[in-house]
Amino acid sequence: MDYYNENTILYLNGEFVKASEAKMDFYSQSLHYGYAVFEGIRSYRNINGETVIFKEVAHFERLKHSALSMNMPYPFNTEELIEATYVLLDANNLQDAYIRPLVYAPANMSFSKNTTSYITIAVWEMQPFLGEKLLRVMTSSFQRPNPKGFKMDVKASGHYVNSILASQEAKANGFDEALLTDINGNVAEGPGANVFFEKDGKLITPATGNILAGITRATVMDICSELNIPVEEKLFTIEEMKNADAAFFCGTAAEVIGWHSLDDVPFKKPWSETLGKIVEDAYKDFVVRPGTGSSVKKYEGMNVE
Ligand code: PMP
């Protein structure tokens, strides 16, 4: 996957620079200890042909929440970052894109607090994150981090070492993706997505506390309430999930993607007959519906190299 080429523009601390020429500090506390926070956002070309960043305020506000929760200075402004992202999409000629803001630390080999934070935003064209086929999912031997050791509602870079281990293990065993439990053995989430299952006409998703309760998860719940699909948040086991009629992952990158099986136990219903399929279709419509994000503005005065 090529994330950038010679023409790609990156947002770096208030400036638009060539990605191939951008520099960062090898002595950064972020690189050595995973002490950084980030977001994963998508933009879509909506049905009116406009570029719209989906749930842009929610994502940039979560970035701020993540940084402040991790004791990182956050001198950035949500509105300005959203504006900069639109400029960046335009500068890179992208409408359907993935957007990756990252807040990182200066040179610091100690564990002390910093007085400065840096920010970069990268954009690239992205194929469906988990593909488009129904997924064969494996229960991971890795559990999600202990919420008493980490702040699991925060999108911190270091947490993703756990995600990488779980995802690589699943693929090494011939599966498409992993499902992780929490420290008590209840179902938590995927390496980069939340999970729902269907049982007897209802959708069930893990309760908050040990998960990153995603923006897509909240959108799925909104869609369900619009469509009168009952949703319950509760703790449940892998065994309960294997007994389900159907299941799916949801997340910004993954969008809504159905499962074929869990640990090679196929789900009972064909995907086309599930509530998940209804949600998948509704989500696809929703993200390109005008009014789901701020519309494109002209950003005169921003200096794009
Ligand atoms: N859980 C984890 C661990 C994730 O990395 C993500 C992706 N950000 C999600 C859930 C889904 O979150 P969202 O819908 O906000 O992208």
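At what angle do helix α5 and helix α7 pack? Select residues 215–226 for α5 and residues 275–287 for α7: they pack at about 105 degrees, with their axes 10 Å apart. That makes α5 roughly perpendicular to α7, a label used for angles of 65 to 115 degrees. The axes are lines fitted to C-alpha atoms over the stretch in contact, and angles run from 0 to 180 degrees between N-to-C directions. Helices here are DSSP runs (H or I, at least four residues), numbered from the N terminus.

A quick note before you click on: this is a predicted model, where local features need pLDDT of at least 70, side-chain atom pairs count only at pLDDT 80 or more, and totals for chains, interfaces and linings use all residues. Residues are numbered from 1 along each chain as its sequence is written, and side-chain values use heavy atoms, leaving out hydrogens and water.

On α5, pick T216, T219, V220, I223 and C224; on α7, pick V279, A282, Y283 and F286. They make the contact (heavy atoms within 4.5 Å). By class, 7 of these residues are nonpolar, 2 are polar and none are charged.

Keep T216 selected and bring up the ligand. A polar side-chain atom of T216 lies 2.6 Å from an oxygen atom of the ligand. For Y160, the distance to a ligand oxygen atom is 2.5 Å, and for K155 it's 2.7 Å to a ligand nitrogen atom.

Last stop: show the 16 residues that surround the ligand (a heavy atom within 4 Å). The closest include E189 and T252.

Definitions and conventions: Helix = DSSP H or I, 4+ residues; strand = E, 2+ residues; numbered from the N terminus. Parallel < 35°, antiparallel > 145°, perpendicular 65-115°, else oblique. Nonpolar A, V, L, I, M, F, W, Y, C, P; charged D, E, K, R; others polar. Polar contact = N/O pair within 3.5 Å; in protein donor to acceptor, adjacent residues only side chain to side chain.
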